[in-house]
Amino acid sequence: MKPQVDLVIFGGTGDLSTRKLLPALFQLHRHKLADKLHRIIATGRATVDTEEFRTTVRENLQTYLPDSGWSEEVWNTFHDRLFYTTIHADKVSDYECLGQLLEKSQAPGRLYYLATLPSLYGEICQRLQAAGIVNAHSAVVLEKPLGHDLQSCQDINEQVAQVFPEQDTFRIDHYLGKETVQNLLAVRFGNPLFSPMWRNTFVDNVQITVAEDIGVEGRADYYAKTGALRDMLQNHLLQVLSIVAMEPPLTLNAGDIRDEKMKVLRALVPINAENARECTVRGRYASGAVNGQAVKGFLEEADFQSADATETFVAIKARINNWRWAGVPFYLRTGKRLSRRYSEIVIEYKRQPFSLFSNDPNELTNKLVIRLQPEETISLHTLNKKPGLTNRLSLQPVELHLTDESRSKGDSYDAYERLLLDAINGDQTLFMRRDEVELAWRWVDTIIAAWEENGTVIKDYNAGTMGPSSATALTAVDGRSWYE
Ligand SMILES: NC(=O)c1ccc[n+]([C@@H]2O[C@H](COP(=O)([O-])OP(=O)(O)OC[C@H]3O[C@@H](n4cnc5c(N)ncnc54)[C@H](OP(=O)(O)O)[C@@H]3O)[C@@H](O)[C@H]2O)c1
């Protein structure tokens with residue numbers, strides 16, 4: 001039985017806390033789901049007192065809670081749980097003040113949520129320990145990005161591990177908190193209709209798209225050193241891929257699920273200097289129009305010197321060398337300033353061996369389409385007869401919606417609500433294990449080294465499109481196309 005915890009948020013005044021964490025905690029409080037959560041202690045460098053902080057949070061909640069989310073009545077009880085203390089990551093006396101606050105608590109557990117610069121994670125953990133405020137009921141949550149390559153990721157993991165054992169370390173990838181990702185497990189392993197067909201005998205290809213319509217916004221400096229491969233593909237897309245492709249776990253326990261995800265990452269075929277040309281595409285947005293608005297190109301927005309080596313789009317043809325997936329390409333793509341914002345997994349099934357119908361068989365395949373955002377839906381694209389007397393057995397696509405209607409009518413929640421609740425309850429299933437994150441970096445580092453060795457050119461694409469034409473060619477050379 002997990003004891004009650006005080007949640008201490010480092011970076012409690014930052015963008016993530018403001019837009020996501022505090023609204024998610026408010027919602028958990030509203031739904032009376034946070035019974036294991038005692039107090040929320042936000043920290044930052046700003047010197048404000050708890051009352052001032054509460055006033056700011058109140059205003060921010062009114063802005064960032066979903067429609068009809070604000071409630072004066074809920075706030076009146078939520079606000080008593082909320083505290084603020086100033087902490088500079090390197091200042092010993094600030095940790096002592098935190099210690100005094102924690103000492104007064106009735107909750108034995110402490111959950112430290114690090115939503116600040118990853119370069120501070122190691123130092124914060126060590127100072128927490130030195131201040132004597134890590135006890136047997138303490139755990140830590142780490143926000144992404146965990147490093148910018150394998151070595152820096154190992155360094156952070158190593159420093160954190162000196163204070164928190166792996167079973168008390170929760171690495172966030174908020175994509176795993178999405179209801180549809182969990183629903184994918186339910187659909188796949190709960191339905192005998194799908195389970196036998198989840199393999200290379202029936203599946204032709206898998207596509208995972210995470211498309212953003214925004215540019216780098218205020219993050220140009222960070223992004224100039226990062227790029228789409230490190231920022232999005234290394235974490236979100238590989239996490240989703242490993243859930244789609246994993247074998248049935250022994251149980252739904254965290255360890256069993258993460259063991260199976262890990263095997264998928266181990267089976268990913270390395271992309272090196274020899275195959276990088278045919279398996280990868282790097283792109284960078286030039287000026288264009290998104291949602292009817294003229295927008296600048298990336299190089300006009302970012303620090304020129306480092307940004308000209310940065311991709312804002314990446315597409316990859318990945319292969320998984322195992323019994324289930326040999327021969328099935330996994331097409332992955334992610335980018336900024338694309339035509340619209342959406343994230344989607346498409347499982348495209350093989351065609352019939354012979355077509356009896358007049359339609360172009362290439363256009364009509366069965367697909368399972370799992371939409372992760374903006375809405376969370378699952379639909380099965382099937383084929384049936386075009387209705388009418390004049391249509392003699394010609395096919396038309398029909399979508400079967402597999403999503404429970406109630407989800408869109410109030411049962412929906414933000415991924416951070418799920419993940420915060422699980423971290424408070426000590427459930428690691430939807431968090432990344434150290435070996436998973438490091439293996440994902442190893443695979444990505446090989447691609448980056450191949451790009452460097454080959455001098456891979458970054459292709460321009462107009463903002464408002466779905467990436468450079470070579471991304472279309474990535475699937476077209478295989479006789480396939482992206483599902484749009
Ligand atoms: N924002 C997002 O949507 C998002 C999404 C995914 C992951 N993340 C990750 O979440 C983390 C925070 O991102 P963010 O966007 O919230 O950043 P941010 O808006 O820049 O906020 C940074 C926070 O860290 C605190 N901080 C900075 N330097 C500090 C120091 N030396 N000692 C103590 N506290 C310090 C700041 O406190 P003061 O403001 O009081 O100085 C602030 O509360 C990053 O790792 C980011 O990559 C963010």
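Arg 337 is buried in this predicted model, with a relative accessible area of 11%, where buried means under 20% relative accessible area, exposed means over 50%, and partly exposed covers the values in between (1.4 Å probe, protein chains only). The place of Arg 337 is in the loop between strand S12 and strand S13 (342–349); helices (H or I, at least four residues) and strands (E, at least two) are DSSP runs that are numbered from the N terminus. Although Arg 337 is not a glycine, its phi is positive, at about 55 degrees. A positive phi, near 50 degrees, is also found at Asn 291, a residue other than glycine. Asn 291 sits in the loop between strand S9 (288–290) and strand S10 (293–295), and it counts as exposed at 57% relative accessibility. Residues are numbered from 1 along each chain as its sequence is written. Because the model is predicted, local features need pLDDT of at least 70 and side-chain atom pairs count only at pLDDT 80 or more, whereas totals for chains, interfaces and linings use all residues, and side-chain values use heavy atoms, with hydrogens and water left out.

The loop between strand S11 (313–318) and strand S12 (330–335) holds Arg 324, and Pro 329 is likewise placed in the loop between S11 and S12. Arg 324 is buried, with a relative accessible area of 7%, and Pro 329 counts as buried at 0% relative accessibility. Leaving aside its neighbours within four places in sequence, Arg 324 is in contact (heavy atoms within 4.5 Å) with residues that include Arg 188, Trp 198, Arg 199, Glu 247 and Pro 248. Pro 329, when residues up to four places away in sequence are not counted, touches Asp 204, Asn 205, Val 206, Lys 317, Ala 318, Arg 319 and Arg 480.

Arg 219 lies in the loop between strand S7 (203–211) and helix H8 (220–224) and counts as partly exposed, at 38% relative accessibility.

Helix H10 (residues 254–267) has 14 residues and reaches 20 Å from its first C-alpha to its last, close to the 20 Å expected at 1.5 Å a residue; the expected span is 1.5 Å times one less than the number of residues in the helix. H10 is mostly covered, since 10 of its 14 residues are buried, among them Ile 257, Arg 258, Met 262, Val 264 and Leu 265. The buried residues of H10 pack against helix H7 (179–190), helix H9 (227–245) and helix H16 (434–454).

Two cis peptide bonds may be described next. A cis bond joins Lys 144 and Pro 145, with omega at about 5 degrees, and Pro 145 is found in the loop between strand S5 (138–142) and helix H6 (150–161). The peptide bond from Gln 373 to Pro 374 is also cis, with omega near 10 degrees, and Pro 374 has its place in the loop between strand S14 (367–373) and strand S15 (377–385).Around the ligand there are 21 residues, of which Thr 13, Asp 15, Leu 16, Arg 19 and Arg 45 come nearest; a residue is near a molecule if one of its heavy atoms lies within 4 Å of it. Helix H1 (residues 15–30) gives the most to this shell, with 3 residues. An N or O atom in the side chain of Thr 13 is 2.6 Å from an oxygen atom of the ligand, while a polar side-chain atom of Asp 15 lies 2.7 Å from a nitrogen atom of the ligand. A polar backbone atom of Leu 16 is 2.8 Å from an oxygen atom of the ligand. The protein covers 73% of the 900 Å² of accessible area that the ligand has on its own, as computed by the Shrake-Rupley method with a 1.4 Å probe.

The domain assignment of the protein chain gives domain 1 (5–143) and domain 2 (176–415 + 433–476), with bounds that come from an automatic or database assignment. The C-alpha centres of domain 1 and domain 2 lie 34 Å apart.

Note on methods:
Polar contact = N/O pair within 3.5 Å; in protein donor to acceptor, adjacent residues only side chain to side chain.
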